[in-house]
Amino acid sequence: MIVAAIIATGGANVPDRSGEGWVSPGLVGGGGWPFAGAPLSPELAPGAYYLPDSSVVRLADGRVRLIPFGGDKPVTVDASDPRVAQALRSDRSWLAQGTVPTGGRAGYHDMAARALLDLRLLTRPNGASLASWYTKWRYCWPRDSAFAVAAFTATGHPSEARRILRFLARVQHDDGMWAARYHPDGTAVADGRAPQLDSVGWVLWATWFHLVTTKPLDEEPPNLWPMVRRAADHLAGSLDAEGLPPASSDYWERDHRKEEDPRRPTLGVVAPVLAGLRSAADLARARGEHGKAAEWRKAARQLSDAVDRQFAPYGYPRSPVRDGLMDTSVTFLAPPFAPADPAVTAAIADARRRQTLPNGGVLPGERWSGDPDVAWTPETAMFGLNSAASGRTYEALGRLDWLNANRTTLGVLPEKVGSKGGQAGPAPLGWTAALALLTLTALDKPLPIPPTG
């Protein structure tokens, strides 16, 4: 009866990309542990839609597709099957345990609920938070996981956030680093990809964000402080005579030797490391670890001074060179990761102008080496998050409207959007889902910013 009362909304046909393995418009779930998800076949997508506030899909012929409790394979059943109502109750109960952020606008509820449910489907029982479901995306990047931690925390789902943090603590190397990415079982991906220093900063920021939001900072769960100490010690010890960390790949996943200044780290490394050191120093202060707090605070000041010397004179480009190219990482130096600064705000506006495409989305950076006509949703969402956290509500709403309008036919946030709209990458993408949730939360209430002192 629950299902029969819901009116079908229909949907546009999925574009014909039969040669692409990621064309599924979203994951089918069922609400039962371990929250398994499986892609909806593109052949079943036309006319299909999620039943509200659930991962259960109604097909065009009226039947329902879901993953039964305790299973990991989807089945197609009649709408009257009791497993449908059971799954709906489970999904909706989980959402009700926290908050579905809307930025005060009811039109965003569906996007936010979908993003939350998708993040849950991408998070394995062991805490591995996957980037997406398809082949080379079916890995856990510590960077992406950090944002999933923040999104679950901000929306009142702390147990999921802690599960991811415990996973990260288990797989951390003794030197405080993480591999670039991990298999769902927690083993590092052995593909020759070097560890990425920005992920260390992001995990420290996410740990601080979780603890400052959910409980007193001196009551963190077991194993988090050793993880923080190893990571922050590594970052503080990595700074050179200029106050900069070593060059490393960042969220672009590109060899640092191909950057405009291969000798120095990009802003995509520097800014997360700075946020991470500030976050770790505040965690140490709250624990009464005054020596570590002073040590990491000093390292953060050295790095901040280096940013002022190396990046600020050129307008905060990706690499610290005159007329350097702009990229989205300039937002990492601003709210909610750092206090507002007029010069950084101006640089963000410059980067946004240079990177925005005719379809309304943005490229990861200026003169992007990939498809120049395809917009990336996480970068678009990152500009939106900065706008929301900085009080520029109109700008934030513009980015959210674009994300909302460019969801897949099932309403899922994809990785990329084509020049004329339409899904151009796998869906869902966990990073985009997390950023959209944080942006909406920032419109509802202020997000914490790591202290500088």
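1. Ground rules. The model is predicted, so local features need pLDDT of at least 70, side-chain atom pairs count only at pLDDT 80 or more, and totals for chains, interfaces and linings use all residues. Residues are numbered from 1 along each chain as its sequence is written, and side-chain values use heavy atoms, without hydrogens or water.

2. Helix pair. Two packed helices are described by the angle between their axes and the distance between the axes. Helix H4 (residues 158–171) packs against helix H5 (residues 197–214) at about 145°, with axes 11 Å apart. Axes are lines fitted to C-alpha atoms, for helices over the stretch in contact, and angles run from 0 to 180 degrees between N-to-C directions. Helices (H or I, at least four residues) and strands (E, at least two) are DSSP runs, numbered from the N terminus.

3. Who touches whom. H4 supplies Pro158, Ala161, Arg162, Leu165 and Leu168. H5 supplies Val203, Thr207, His210 and Thr214. Contact means heavy atoms within 4.5 Å.

4. Cis bonds. Most peptide bonds are trans. Pro335 to Pro336 is cis, with omega near 10°. Pro336 sits in the loop between helix H8 (290–310) and helix H9 (342–355). Ala427 to Pro428 is also cis, with omega near 0°. Pro428 falls between strand E8 (416–417) and helix H12 (430–444), in the loop.

5. Positive phi. Which phi does Asp53 have? Its phi is positive, about 55°, although Asp53 is not a glycine. Asp53 lies in the loop between strand E3 (49–50) and strand E4 (57–58).
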